Amino acid sequence: MTIRVLIADDQMMVREGFSVLLGAMPDIEVVGEAVNGREAVDRVRELGPDVVLMDIRMPEMNGIEATREIVAANGASKVLVLTTFDLDEYVYQALRAGASGFLLKDASARQLADGVRVVAAGEALLAPSVTKRLITEFSKLAEEPRLSPTAQAAYGDLTERETEVLVLIAQGLSNAEIATRLVVAESTIKTHVSRILVKLGLRDRTQAAVFAYEARLVTPG
């Protein structure tokens with residue numbers, strides 16, 4: 001199944017470079033480009049891509065606002081944020097807005113393609129240590145839990161095992177790694193993850209990880 005990708009970046013060389021790299025992959029098709037956040041939102045509505053490669057700093061509408069609108073309006077398109085800096089303060093905001101992960105712009109062709117595949121499959125791009133470091137770093141900004149009363153109530157509905165799985169998701173473990181850690185079948189973990197997302201009203205594992213940090217279930221450090 002071909003993964004349809006939209007590239008949103010205000011730099012033409014970046015758009016063209018990523019388009020060439022991804023276009024060379026047999027399972028990925030670049031279906032469109034956007035030069036700013038507003039155009040990205042419009043193009044997603046028009047084309048319905050599986051994955052949006054989203055730059056953060058763009059004119060007219062930045063990538064954070066564009067991500068928020070895309071996630072709110074289109075549950076099918078996943079957003080993969082692109083950034084020049086691995087500790088860009090705006091990346092954490094983008095993850096909170098609904099992005100499924102992020103990549104550095106100097107990522108290799110293989111890393112870029114793998115990132116697109118991971119996000120398209122509904123997984124979170126949390127494995128790279130840089131991602132975990134970023135979420136940890138910026139969760140330190142919150143001395144108190146940031147959860148709304150509604151989110152706090154939803155968190156109270158989690159079972160003890162679901163809370164345990166949520167913490168391990170936030171630590172960047174895959175389903176297979178969590179299954180090994182808890183000595184259960186991987187299918188059991190998939191069921192737990194699905195129930196966690198439904199109970200908390202979250203769209204993917206990245207959002208679950210952010211939730212865990214904001215709920216202070218994972219201690220930054």
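Axes are lines fitted to C-alpha atoms, for helices over the stretch in contact, with angles running from 0 to 180 degrees between N-to-C directions. Helices (H or I, at least four residues) and strands (E, at least two) are DSSP runs, numbered from the N terminus.

The model is predicted, so local features need pLDDT of at least 70 and side-chain atom pairs count only at pLDDT 80 or more, while totals for chains, interfaces and linings use all residues. Residues are numbered from 1 along each chain as its sequence is written, and side-chain values use heavy atoms, with hydrogens and water left out.

Helix 8 (residues 160–170) and helix 10 (residues 186–200) have axes that come within 10 Å and cross at roughly 95 degrees; the two helices are therefore roughly perpendicular to each other. In contact terms (heavy atoms within 4.5 Å), R161, E162, V165, L166 and I169 of helix 8 meet I189, H192, V193, R195, I196, K199 and L200 of helix 10. By class, this contact has seven nonpolar, one polar and four charged residues. Here Ala, Val, Leu, Ile, Met, Phe, Trp, Tyr, Cys and Pro count as nonpolar, Asp, Glu, Lys and Arg as charged, and the others, Gly among them, as polar.

The axes of helix 1 (residues 12–23) and helix 5 (residues 109–120) also come within 10 Å, crossing at roughly 75 degrees, and this pair is therefore roughly perpendicular. F18, L21 and L22 in helix 1 meet A109, L112, A113 and V116 in helix 5. The contact has seven nonpolar residues, with no polar and no charged ones.

D55 lies in strand 3 (residues 51–55) and is buried, with a relative accessible area of 6%; buried means under 20%, exposed over 50% and partly exposed in between (1.4 Å probe, protein chains only). Not counting residues up to four places away in sequence, D55 touches A8, D9, D10, G63, L82 and K105. An unreviewed UniProt entry annotates D55 as "modified residue: 4-aspartylphosphate"; such annotations may be inferred rather than shown by experiment.

In helix 11 (residues 205–214), 10 of the 10 residues are buried, so the helix is largely enclosed by the rest of the structure. At its start, a side-chain oxygen of D204 reaches to within 3.0 Å of the backbone nitrogen of Q207. Helix 11 is followed by R216, whose phi is positive, near 65 degrees.

Notes. Parallel < 35°, antiparallel > 145°, perpendicular 65-115°, else oblique. Polar contact = N/O pair within 3.5 Å; in protein donor to acceptor, adjacent residues only side chain to side chain.
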